[in-house]
Every structure is written in C-alpha cells, then in structure tokens.
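Please open the structure in your viewer and keep the selection panel at hand.

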Amino acid sequence: TIMTWLVEHAQVVSAAASVGTLCIWSIYLTIFWRGYRRQLKPKLVINRGEGNGLDAHCLLTNMSQHAIHIQGVEVSIDFADRTSSSYITDAEDVRAAGNPHGWQRLTRQGPLASGAMMDMGTFESILNYALRQSEEHLGPEAIQRCRITVLAIYGSEDLLVGAPRQFDLVRREGEIQLQSDSVETRQIRSRAERRKYSRGLANDV
C-alpha cells in the first residue's frame, strides 16, 4: 500500500520534501529580490508640456524611490549632415527668460526629490542655447532632431545615472512641432554607457 511504502521510504520522502521546500523558497526569494532591486533603480522621465511646438516646456520628473542630484544636461542636435553636442547645465537661457525663480534660475544642476518635477525651460530656448554653445550659426529650423540627456547622482551608485529622450522636429503647415521617437524615456543602465557620460561631463567641467 501507499502508507506502507511511505513508512519504508520515510527518509527519502522527507529529504525530497525538504529539497522541494527549499526550491520554492528560493523562487520566492528571487522574485522578491528582483522586485526590490527594480524599485531601487533610478527612473527619470523627460517630457514636453504646454503644447508640442518649440514653445513647449521640457519637463523632468524624478520617478525614482529616492531623491537625485542633477549633475548635467546634454543636448545633441542632428542636422542633415552632422551631429553637434553640448552641455546646457548653466541655465543662461532660463536666466534670460526670467522664469523660473530660485536656484533653478541659475543652473539646471541641483537636487530633485522623489516624485518632483523640474521645468528646464522651453525647447526653443534650450535649442538656441545649445546652438550657441556649439558655435553653430544656424537656427532651430535647420535641426532635424534633438536628444536631451539628463545625468544625475543617485544613492550609493558609484557612476552617474541618466536618461535620454529624443524628439524629431517635424514641419507641419509652416510650423515646427516636436514628436518623440518613443513613448517612454530610455534609462541608461549599462556601465559602459554610464562611464562614457561620466567622462564627458568631467571633461566639460
């Protein structure tokens, strides 16, 4: 009978049950650890607000579990035949516009609490500032697309974290409109890419 067999093989059954329990708990622990790690990962969201033209505002939201400290903002501009990149951390364009107030009027560098949003200025002012920084004698009408990358310090991470988002400049009915190439903001995860941005920012300081 089954009972007789279980009695005769009690040690084997007990060992198998222990191994099975260990496997189940290992799976639960792995799922819990992955979820916990996912919560700790930084997440930055770059968006546009107040329209979709060049007068729209570039908004940065910190969706991370903890605060971040913005270290730099890079803008890459694609023309028909070349790409130009520059840092716009020094908010010269925001100061010229007279808005917003406080430390954000002086620089795009600084702390941003979890769940907080920062207005980085209009896309027009950002692009014009980036063009001046790159010594490009062209206007926004010559730009095909732009990519805005925010670099920040987060928690105990030993390298900068960051997120880029790209926008195409589409001509419609004589006006330039911004169209994102993706629904979400890509997060910079690989250590090689983070090292590259860390070196680039260090060289700009």
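Buried denotes under 20% relative accessible area, exposed over 50%, and partly exposed in between, with a 1.4 Å probe and protein chains only. Helices (H or I, at least four residues) and strands (E, at least two) are DSSP runs, numbered from the N terminus. The model is predicted: local features need pLDDT of at least 70, side-chain atom pairs count only at pLDDT 80 or more, and totals for chains, interfaces and linings use all residues. Residues are numbered from 1 along each chain as its sequence is written, and side-chain values use heavy atoms, with hydrogens and water left out.

**Stop 1: the sheet.** Select β1, β2 and β6, which form an open, antiparallel sheet of three strands in the order β1-β2-β6. At its edges are β1 (44–49) and β6 (117–122), each pairing on one side only. Neighbouring strands are turned against each other by 25° on average, direction ignored. Two strands count as paired if DSSP finds at least two bridges between them; six bridges join β1 to β2 (residues 57–62). Within this pairing, select N47, which stands opposite L59 in β2.

Stop 2: Which residues of α4 are buried? They are F123, S125, I126, L127, Y129, A130 and L131. An α-helix has 3.6 residues a turn, so residues three or four places apart point the same way.

Now centre on I126, in α4 (residues 123–133). I126 is buried because its relative accessible area is 1%. After α4, look at E135, whose phi is positive, near 60°.

**Stop 3: α2.** Move to W25 in helix α2 (residues 10–40). Is W25 buried or exposed? With 59% relative accessibility, W25 counts as exposed.

**Stop 4: α5.** Finish at E193, in helix α5 (residues 191–204). E193 has 18% relative accessibility and therefore counts as buried. Neighbours within four places in sequence aside, E193 is in contact (heavy atoms within 4.5 Å) with R186 and I188.

Key
Axes are lines fitted to C-alpha atoms, for helices over the stretch in contact, and angles run from 0 to 180 degrees between N-to-C directions.
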